[in-house]
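Let us walk through this structure step by step. Start with the whole chain, then look at its parts.

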Amino acid sequence: MDYTPQELMVACAARQIRDGERVFVGMRLPLIAFALAKRTHAPGCIGLFESGVIRDEPAAALLYTMGDAPNNVGALWTTGTVNVIGLMSAGEVQLGFIGGAEIDRYGNLNTSMIGDWQHPKVRLPGSGGGGDIASLSQRLAIIMPHERHRLREKVDYVTSPGYGYPDARGPAGMSWRQRVGLPRGGPSALITTLALFTFDSSNGEAMLQSYHPGTTIAYVQEQTGWPLRLAPNCAETIPPSTAELRVIREIDPEGKWTR
Amino acid sequence: MSKRMSMAEAIARYLPDGASVAMSLALEALIPFAAGHEIIRQQKRDLTLIGPISDILFDQLIGAGCAASIKAAWAGNVSEGLGYCYRRAAEKAIPRTLTIEEHSNFSIGLALLAGGLGLPYVPTRSLLGSDIPRQNPTFHSATSPFDDTPVLLIPAVRPDVTIIHTQRSDEDGNAHLWGNSGISAEAMMAARDVIIVAEEIVPRDVILSDPNRVLGPSFKVRAVVHEPGGAHPAAVQGYYNRDHQFYHEYHERTRTVESYQDWLQDMVLSVPDRATYLEKLGAERIHGLRVKQHLLAAPVDYGY
């Protein structure tokens with residue numbers, strides 16, 4: 001295998017971006033995925049940053065945070081958070097990327113706390129813009145490490161709503177989002193260090209879409225806290241191409257985020 | 001009228017114990033660390049901290065025992081994830097109990113927007129179905145009277161004091177801020193009192209030559225503090241870059257209560273002011289963060 005798990009995740013993330021889309025980018029791997037998509041199949045995509053930045057070219061230097069100075073240079077707009085998330089609130093953002101500490105089978109994410117919320121065992125930093133991106137983007141892609149304690153049957157706290165849960169009024173899925181009043185959206189991809197999941201929006205369940213080269217369905221199951229449901233065409237993940245790897249390594253030459 | 005004063009004087013005069021203070025408003029950039037350190041040195045107590053992603057400034061203030069509560073979207077260390085002081089306060093009430101009102105970046109921005117507009121709340125569809133409204137008792141779930149759909153009402157937040165780090169200001173507090181601004185403008189409009197911290201103090205004519213770049217009305221500004229380097233280790237567009245290594249060092253040095261106290265003594269309590277802090281960092285480190293290439297915007301013509 002001549003690529004790292006992070007490079008594979010970046011390639012998977014870039015493939016979520018369609019040409020011409022407006023993408024809520026964030027930091028680290030999605031930032032590289034945005035740059036990769038831009039230079040391969042989606043030259044017309046536009047990146048939005050909750051710090052208050054919109055740009056149609058990746059920054060000239062590798063960013064450590066979205067607030068780094070190069071991210072404002074050559075931007076289409078430098079403004080404030082309410083304007084940028086406001087665009088997403090109005091339905092103008094097709095795809096959002098977020099990470100999480102924990103996720104469950106319905107794509108609900110927790111970045112707030114482990115344990116009882118009144119007496120947390122581990123206090124995590126909180127939503128940031130994550131809850132907003134999960135609520136308001138048209139599609140949501142999640143990137144996180146694949147560990148059994150992170151992919152759970154049910155998360156301790158829903159910071160960023162996915163497809164909710166089945167309740168007395170109906171199933172999880174898009175109908176749950178409508179019931180609670182979310183205007184659109186829901187997870188479309190969960191990209192982990194081991195696998196790619198897609199979601200069945202009719203009941204909100206994650207489906208194993210592909211498992212990364214070097215792993216197996218059985219191993220993914222072992223590392224996942226819910227009984228896997230396989231997508232009909234479940235197969236091995238297509239590895240990053242030579243062209244994709246070349247671009248990734250140009251964007252992150254020292255492997256800060258991808259090695 | 002000049003509102004210039006030292007940081008020590010500005011904090012002493014305008015930030016009483018028990019005040020609510022909005023700061024660290026442009027997310028990872030323009031964080032007023034110099035103000036935060038002065039708040040710690042003056043041993044301010046029972047503050048309510050208001051902000052979006054607050055990075056390590058709120059972690060430091062919480063660890064020093066300055067905060068009784070926090071209304072924020074995120075508290076930790078952007079370079080490392082978790083903030084140890086925030087964890088200790090939330091998990092073990094060390095050094096004291098901390099009341100946490102969960103927000104998202106949008107909801108805290110909307111709360112300040114409502115505050116600045118003099119309205120009781122702003123509705124949103126964000127966060128519906130999440131646990132945040134259940135945990136933040138100030139949020140109110142409602143049905144829109146116009147279309148019968150669920151909405152979440154975010155109540156106004158009106159900080160007693162908003163502290164904003166800017167590139168340049170005149171002595172009256174007419175300040176230019178450029179680059180991404182996060183929720184700085186909303187926090188300035190919502191505040192009772194504003195403290196402007198500036199890298200440079202420039203003549204009024206310089207600011208008024210480009211009024212589109214002014215963040216907000218100077219009549220809300222009570223104090224103007226000239227504090228070069230006052231945002232370190234955060235970035236200031238056109239002045240210096242983010243000191244990423246500092247955030248890693250902070251993370252390593254604050255794992256335990258004792259090591260945090262050592263860090264605090266070393267970097268805050270034993271340092272009387274920002275100039276001494278910068279000296280302590282050393283010329284080489286400061287030089288490494290300098291702007292390597294200036295990129296000037298095209299001038300605009302206000303002629304008539």
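A residue counts as buried if 20 or more other C-beta atoms lie within 10 Å of its own. By that rule, buried residues make up 53% of the 304 residues in chain B. Keep in mind that this is a predicted model.

Next, consider overall dimensions. The C-alpha atoms of chain B fill a box of roughly 60 × 55 × 35 Å along the principal axes. Why does the radius of gyration of chain B agree with that of a compact globule? Because a compact globule of 304 residues would have a radius of gyration near 19 Å, and chain B has 19 Å.

Chain B contains twelve helices and eleven strands. Take the contacts in chain B between residues at least 6 apart in sequence: 74% of them join residues at least 24 apart.

The chain is also assigned to domains. Domain 1 of chain B covers 7-104 + 159-288, and domain 2 covers 105-155. Their centres, taken over C-alpha atoms, are 27 Å apart. Where the two meet, domain 1 of chain B supplies 15 residues and domain 2 of chain B supplies 15 residues.

Which elements build the domain 1 side of this contact in chain B? Strands E2 (47-53), E3 (67-74) and E4 (99-102) and helix H7 (184-190) of chain B each give at least two residues. H7(B) gives the most, with four residues. Sorted by class, the side of domain 1 of chain B that touches domain 2 has nine nonpolar, two polar and four charged residues.

Terms used:
Residues numbered from 1 in each chain as written. Chains lettered and ligands numbered in written order. Predicted model: local features only at pLDDT ≥ 70, side-chain atom pairs only at ≥ 80, totals over all residues. Domains from an automatic or database assignment. Contact = placed C-beta atoms within 7 Å. Nonpolar A, V, L, I, M, F, W, Y, C, P; charged D, E, K, R; others polar. Rg over C-alpha atoms; globule rule 2.2 N^0.38 Å. Buried ≥ 20, exposed ≤ 12 C-beta atoms within 10 Å, placed from the backbone.
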